[in-house]
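Please put together a short briefing on the structure shown here. Keep it brisk, and group the points by topic.

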Amino acid sequence: MYRKSILALLTIWCLSLFAPVANAQDADLQAIIQKFATSKNFNQTKAIVTELAETGDASVAGVLNALSDGSVYFRKSDNQVFVVPGSGKTLELFDPLTGEAAGEAGKRDLKKVKVNNALRRSIRDAIGGLTLASENPSVRLTAANTLAANPDVEALPAIEAALERETDDTVAKRLRQAQASAILISDRSLEDKTNAVNVMTALGNREALAFLTRFEAQADGELKTLAARAITKIEKNLKLWGMGQNVWYGVSLGSVLLLAAIGLAITFGVMGVINMAHGEMVMLGAYTTYLVQEIIRNSMPELMDWSLLIALPLAFMVSALVGLVLERGVIRFLYGRPLETLLATWGVSLILQQAVRTLFGPSNQEVSNPSWMSGAFELGQITITWNRLYILIFALCVFAVLLWAFNKTSLGLQMRAVTQNRRMASAMGIRTPWVDALTFMLGSGIAGIAGVALSQIDNVSPNLGQSYIIDSFMVVVFGGVGNLWGTLVGALSLGVFNKFLEPYAGAVLGKILVLVFIILFIQKKPRGLFALKGRAIET
Amino acid sequence: MTGKLKTLALASLASTIMATASFTANAQETIKVGILHSLSGTMAISETTLKDAMLMLIDEQNKKGGLLGKQLEAVVVDPASDWPLFAEKARELIEGDDVASVFGCWTSVSRKSVLPVFEELNSLLFYPVQYEGEESQRNVFYTGAAPNQQAIPAVDYLMENEGVERWVLAGTDYVYPRTTNKILEAYLKAKGVAEEDIMINYTPFGHSDWQTIVADISAFGSAGKKTAVVSTINGDANVPFYKELGNQGIKAEDIPVVAFSVGEEELAGLDTAPLVGHLAAWNYFQSADTDENAEFIEKWQAFIGDENRVTNDPMEAHYIGFNMWIKAVEKAGTTDPDAVIDAIVGVSVPNLTGGFSAMMPNHHITKPVLIGEIQEDGQFETVWETSGLVVGDAWSDYLPDSKDLIADWRAPMSCGNFNTATGQCGGKGVN
């Protein structure tokens, strides 16, 4: 049914290139659109959509898109259909065909025309052909995707015409796929079909593979062997890409581990404080992001894309301050007593969790992705999501800055001096208690900015920190206590190791295997990957 | 921070004093109701809401004049998401506070941990959450959905309305998803779905890195057959899962995800724009267009003091369970557990979706099943519902071990696992 409608739309669209269709039909279209108000179920709505699409008038694309978005309503009093894009108590109405403003109405006076997935799918298919000539490349891409997913011999001329005009590479690629799959099911010459198989092999994606597998089952002779060969080639290729994908996922998981652990690498790694409240510092950073976004959403929504950058320094300060209070108030009395420190900071972590739960409620808070962090792009056959990529870059930046601060600033020098030999440093005139406090603040602050990044991929709830504390300790111990490079290598290698295990062992067993591996590793090398030479904090 | 902590400490001190004061004043003429929900720890995210809902229901009942001429008094304890502590707190409620009934528990493991206590001390537990079935206990009333009131209809919907042929069963690794997936797998195979068209995947609690699994789902779904994901992923792991789905561009039109543990509360932490069209199966949605529901939402938001606060399915389960208990106590004329257990079977009360739910002899209730699609405003829109009410089935018909078992707590059978093949009480299960 859709094929027919796509064809009809394409024909009309071709015609319209030469002679614009007059608006004489508008009255008919209006009449069809008004039927939405009396539709009783999804099947009836679907029939109306098909009827609209079959008129082939490009001006119905607007109302169909609106229907798909769930913004077509009708007025209860007179069954008049409108497009209503906004939300709220009073709503602005627009004419479904012309898009002109048509007054306002209260939410209670309107009723929504219901849509479901099946309906959205048929709308997408119906307007697929219509929008192949759109100005907007992303709209053309949707159209090309639809045609690639539903190969149609009758649409072939239109696809080829569109392909000649196409300037956007991604769209052209999808159109070539649509063309090739349509040729394979058409009655064109063997040469054309051979070419089509080659095009599919070059594209090498899963869709092409699925199509060729189906094609191979019913083809015969030369084409069958050709298709079979193409299938093996694509499968081999995809396997290689799969390895690349695992590496990327591993690096990306590693960057999250690095972010979570890097603050701990300072407080635990350098200072030797077993800080069980480290995860809660991360959580505080995430809640700061939430608060910043709330304020921006309510007072200056245009700044939303900048919310994370604004949240970064604030999160650092909030967590660093809490860290300072924790160090001055609790930990400094417990230096050199690891068991008491562990218990005390664990208690603090519970207090912080419950305080946040009391202040903000136990449920998840919404932190949205800024537009530049949403979505994904394709690199060959790997899908890379923007948020993961930015988090990786961000983690590496934090690491670089920290390394610089440690090795090139006087504060860094003092920190290293105090941790290596406290009494000597003190004798040289360094105020060791203040250096302790500053180091702890730095570690906590870094945990806070990790929270900003983690709010983008995980839930912002009082339990956020708990899920990272074990992983963080694991990374620091594995990497080697007291060495930032160890943390980097440890985080990335654990991430990649985990992601290579996951496809074979499953997520649950994979995690267990990683823990077993670390236990064995620590037996062999108790000081981790990069053991620090010289005297540690206990001297 | 310190200032806030001090205020907090003062506030909690004040409320303790007040609670003690009201306790001494009403000690003689109240009926006590225990609330056993975690207010701290991992499950606090879901259970705190239910505690508040119970407080509201008790408050409402007291305004209507209480029960048997007495005022109701809520006794709230915090089992802190710690399963053995659930049993201790339950004992404390029944023995120490002498409560007439208890409303509580969320996870199956917490319910299993309190079962022996309720049996030993012969008290009543109303359990409001959808669960894996395979249980029927004399002292427990299951007001949430059994698998045949949620999972099976959802799969039917996807098969019939979306034409799904390939299935991903993704869940968190614990008893509810494992049992539900076992039932679903048996059901799908009975419907002629081939082994290679079912992919089962388990993840740890709080799993946050979904990249590999989402990519696997996407690859599994590109084999040319319509694919859907049936998700029994629990709690916190859902947010990163849906974020990854949205970011990898998996649309509901291509691979719909139907979830059994994602409701309005869980969606509150998410930007739902990329998720429009993904599904959930429940027995209640906040969007249900009935007068009872509008009134319930209004009262709830007024009680909690937040006009954006959402309602959800387990809250409705408590609403139904609480009203059933009230009605049964009124019918029996006493809060004595044995009398209430006898009186409650057959009791029918209005639910929030415009019908009546009744307590069945197997201690499960009748419910409508709704399938909803996620909307941009974080609500669900009902796209399908069962034409009538579905009776909760304690023992699944699709598992070989339990297909012959039935539960009936009325005399003379009085059995939670009666084997119709052997004609004897006993077999699999807790009793």
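B:Glu119 counts as partly exposed, because it has 16 C-beta neighbours inside 10 Å. A buried residue would need 20 or more, and an exposed one 12 or fewer. Keep in mind that this is a predicted model.

**Around B:Glu119**
- B:Glu119 sits in helix H4 of chain B, which covers residues 108-121.
- Leaving out residues up to four places away in sequence, B:Glu119 touches B:Gln137 and B:Asn139.
- B:Val140 is 21 residues from B:Glu119 in sequence, and their C-alpha atoms are 8.9 Å apart in space.

**A five-stranded sheet in chain B**
- Chain B has an open sheet of five strands with parallel pairing, in the order E2-E1-E3-E4-E5.
- Strand E2 (71-77) and strand E5 (140-142) of chain B are the edge strands, and each pairs on one side only.
- On average, neighbouring strands of this sheet are turned by 25° against each other, direction ignored.
- Strand E1 of chain B (residues 30-36) pairs with E2(B) in the parallel sense, over seven bridges.
- B:Lys32 has B:Glu73 in E2(B) as its bridge partner.
- Helix H11 of chain B (residues 313-332) lies across strand E3 (101-104), strand E4 (125-127) and E5 of chain B.
- This helix runs at about 175° to E3(B).

**Backbone details in chain B**
- B:Glu134 is not a glycine, yet it has a positive phi of about 60°.
- B:Glu134 lies in the loop between E4 and E5 of chain B.
- B:Glu134 is buried, because 23 other C-beta atoms lie within 10 Å.
- B:Ser414 also has a positive phi, of about 45°, although it is not a glycine.
- The loop between E17 and E18 of chain B holds B:Ser414.
- B:Ser414 is partly exposed, because 14 other C-beta atoms lie within 10 Å.
- B:Pro412 is found in the loop between strand E17 (405-408) and strand E18 (415-419) of chain B.
- The peptide bond from B:Ala411 to B:Pro412 is cis, with omega near 5°.

**Where the chains meet**
- Chain A gives 50 residues to the contact, and chain B gives 47 residues.
- Several elements of chain A each supply at least two residues of the side that touches chain B, among them helix H5 (117-130), helix H10 (206-218) and helix H20 (484-524).
- H20(A) supplies the largest share of that side, seven residues.
- By class, the side of chain A that touches chain B has 14 nonpolar, 23 polar and 13 charged residues.

**Helix H15 of chain A**
- Helix H15 of chain A (residues 386-408) has 23 residues.
- From first C-alpha to last, H15(A) reaches 32 Å, close to the 33 Å expected at 1.5 Å a residue.
- The buried residues of H15(A) include A:Ile391, A:Leu392, A:Ala395, A:Val398, A:Phe399 and A:Leu402.
- An α-helix has 3.6 residues a turn, so residues three or four places apart point the same way.
- What covers the buried residues of H15(A) includes helix H18 (432-454) of chain A and helix H8 (238-247) of chain B.

**Confidence in chain A**
- The average pLDDT of chain A is 85, and 93% of the residues score at least 70.
- Among the elements of chain A, H13(A) has the highest mean pLDDT (95) and helix H1 (residues 2-18) the lowest (49).
- Over residues 14-22 of chain A, pLDDT stays under 50, and the model has five contacts there beyond four places in sequence.
- Residues 535-539 of chain A also stay under 50 in pLDDT, with eight such contacts in the model.

Definitions and conventions:
Residues numbered from 1 in each chain as written. Chains lettered and ligands numbered in written order. Predicted model: local features only at pLDDT ≥ 70, side-chain atom pairs only at ≥ 80, totals over all residues. Helix = DSSP H or I, 4+ residues; strand = E, 2+ residues; numbered from the N terminus. Contact = placed C-beta atoms within 7 Å. Pairing = 2+ DSSP bridges. Axes fitted to C-alpha atoms, helices over the stretch in contact; angles between N-to-C directions. Nonpolar A, V, L, I, M, F, W, Y, C, P; charged D, E, K, R; others polar. Expected span 1.5 Å × (residues − 1). pLDDT = per-residue confidence, 0-100.
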